[in-house]
Amino acid sequence: MALRKVEGLLAEGAVVTVVAREAVGPILDLEKTQAVALERREYQVGEAAAFALVFAATDDRDVNRRVSEDASAAGVWVNVADDPALCSFHLPARVRRGALQLSVASAGEAPFVVRRLRAFLERRFGPEWAAWTEAAGRFRTALRSLKLPQEEAERRYDAFFDSTVDQKSIRARVPTAEEMDLWLKAGERREPEIEASGFRPKASGLESRTTDHGLRTAGFVSLVGAGPGDAGLLTVKGQKRLHSADAIVYDRLAATALPCDLPAGVDLHSVGKEAGHHPVQQEEISTLLVRLAREGKRVARLKGGDPYVFGRGGEEAEALAAAGIPFEVVPGVTAGIAVPAYAGIPATHRREAVRLTLLTAHESKKEEGTQIRWDLLGADPHATLVGYMGVTSLPVVVERLIAAGMSPDTPAAVIERGTTSGQKTVTAPLSKLAAEVTRAGIDPPALFVIGPVVRHAAALEWFAKRPLSGRRVVIVAPAGDLGAGLESAGAELVEVPLPVTPAAKVVLGALPVTDCVLRGPGDADGLDDERDGPGWDSAKVVVWCLGRPAVERARARGWRNIHEVKAEATTVDMVARVSDFGCTNRLPP
Ligand code: SAH
């Protein structure tokens, strides 16, 4: 212990005296080279007062206490190893990358945590941070010589930082001299990437800012596809855009894909249909996007599935283009392909389907002037027909297809809320489909699949038959191995950070919660306010408490349906317990 401190002090140029009856080899070596003065004896009362800084690291608490009291009486700073009460200061653990120093400290409360965090940072901060810090130093010197007003200077520092640091992976990139030059002259040049994509940001006094992908823009909109519901089907790029957004405008159908750990400061705008609220008109959505972008914000427009597949994303892009707002499209996994896959239906299959049609069934309600070529669709037996927005118009669709020559026995399916814990599937021959859907009480959002590929549904089913399929489980983040176990058993996991973020509240309310895991009393405290929120019916949600203290706290707070699981239960035990408890959203066979 003493050796570590001595080495740290020597590295900083301190003059060190070691007082000890015996010393370990490396300290004897330091004495030989006269790097330290070693005095082989007992500590003498009062002598701490003669030093600028004192460390006590003996295994005798009385000696340590005497040193501490002597030092304190003389106004000398003292640190006693592993004894916060006797310390007047604590040494942080440090990670160094060149001139960059990261310190970790816990005011002596939990040195074991400090050691582990230090090791963690040591692993996560690569060697590149040393050269990066050096470049940052050069950048600062150059910037200071420009003598800009503080605010201007900060903008350029932002440009340096945001363009060179990936905050998620904790990686740094050493910028080239040309890049630094560009940031120093920020505002005088046009942004190259925007030029390349054909946009000319208007210099109409719009607040200019730097995004973390290095673009200088007057606001920027990403039209992001959220995927069909399963949060894991959001693309990597889409997730990046959400994490770096200042504002997110999301549809109800996209809500399950919002990352729960979005910073609390991000502006969340819901524009979807919610019970009791009118949907926001398309025009208002476009106006909102333009307004947010004009405020200089990075905006993510999160839309269910793929933004350009029946999502009116094209109209939003047109509005942005007309307003001169730079935008990009981050495609998503469209429901029409992913949802059948989760129901065991491959969209195409060799020799069975040589064509895949994505159709909006909404159209079919028009008596006159429909653009759908029922005649062609009905006459093609080697095709898969996927219909979006098709629950209410299903009887009309079936009638038209049969009238156009499709066999009434063609295999067909309707899938509600595919890829989520709310997934329900009905399969039937085409002529019986509408009646079966009514019988099963299928509600939107749902899509239909018609064609020979639907025949595979039973044999290729994989999602609905997992033991925790249909369960939507709330757990406090990080969910760790237990979370991974529940998820691979088929549960939809809502991993809620504490304190609960606004994004997590949206996600919680997006679908009914079926279960909640409390790993300790703190979880019950942290989630207490959510029990009455949307998506959470406390009469139905099953609460799994790991260990007595969690049970007691949950009871004290009035939680219901509490089940105790032994604190030392393994993930396998836990999955077995939860899946034995039969409450799912699944339909009876
Ligand atoms: N842009 C979206 C579709 C928007 S239209 C996409 O690419 O997926 C909305 C329709 O999509 C719904 O009425 C429903 O027919 C379908 N849909 C979206 N998500 C679905 C899901 N999880 N399960 C079933 N149908 C879904």
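This is a predicted model: local features need pLDDT of at least 70, side-chain atom pairs count only at pLDDT 80 or more; totals for chains, interfaces and linings use all residues.
Which side chains meet in a salt bridge at 3.1 Å, N to O? They are the side chains of R557 and D528. The structure holds 38 salt bridges, and a few of them are described here.

- R557 and D528 link distant parts of the chain, as they are 29 residues apart.
- R557 sits in the loop between α19 (548-556) and β25 (562-565), while D528 belongs to the loop between α18 (521-527) and β24 (542-546).

**Two other salt bridges**
- E47 and R41 pair through their side chains, with an N to O distance of 2.9 Å.
- In that pair, E47 is buried at 16% relative accessible area, and R41 is partly exposed at 22%.
- R291 forms a salt bridge with E295, and their closest N and O atoms are 2.9 Å apart.
- Here R291 is partly exposed, with a relative accessible area of 43%, and E295 is partly exposed too, at 37%.
- As background, side chains of opposite charge can pair when their charged atoms come close.

**A buried arginine**
- R471 lies in the loop between β20 (446-450) and β21 (472-476).
- Its relative accessible area is 0%, so R471 counts as buried.
- The side chain of R471 makes a polar contact of 2.8 Å with the side chain of D515.

**The largest nonpolar core**
- This core has 41 residues, and the members that touch the most others are I248, L302, V474, L518, L527 and W559.
- Helix α17 (residues 502-509) supplies the largest share of the core, with five residues.
- The core lies between domain 3 (213-332) and domain 5 (472-579), because both domains give residues to it.

- F310, I337, L356, L358 and M389 make a nonpolar surface patch of about 380 Å².
- One of these residues, I337, is found in helix α12 (residues 335-342).
- I337 counts as partly exposed, because its relative accessibility is 40%.

Note on methods
Residues are numbered from 1 along each chain as its sequence is written. Side-chain values use heavy atoms; hydrogens and water are left out. Patches are made of residues with over 30% relative accessible area and no salt bridge: like charges are joined within 9 Å, nonpolar side chains (Val, Leu, Ile, Met, Phe, Trp, Tyr) within 5 Å. Accessible areas come from the Shrake-Rupley method with a 1.4 Å probe; for residues, only the protein chains shown count as cover. A salt bridge is a side-chain nitrogen of Lys or Arg within 4 Å of a carboxyl oxygen of Asp or Glu. Helices (H or I, at least four residues) and strands (E, at least two) are DSSP runs, numbered from the N terminus. Buried means under 20% relative accessible area, exposed over 50%, partly exposed in between (1.4 Å probe, protein chains only). A polar contact is a pair of N or O atoms within 3.5 Å; within protein, one must be able to donate a hydrogen and the other to accept it, and residues adjacent in sequence count only if both atoms are side-chain atoms. A nonpolar core is a set of buried Ala, Val, Leu, Ile, Met, Phe, Trp, Tyr and Cys residues joined through side-chain atoms within 4.5 Å. Domain bounds come from an automatic or database domain assignment.
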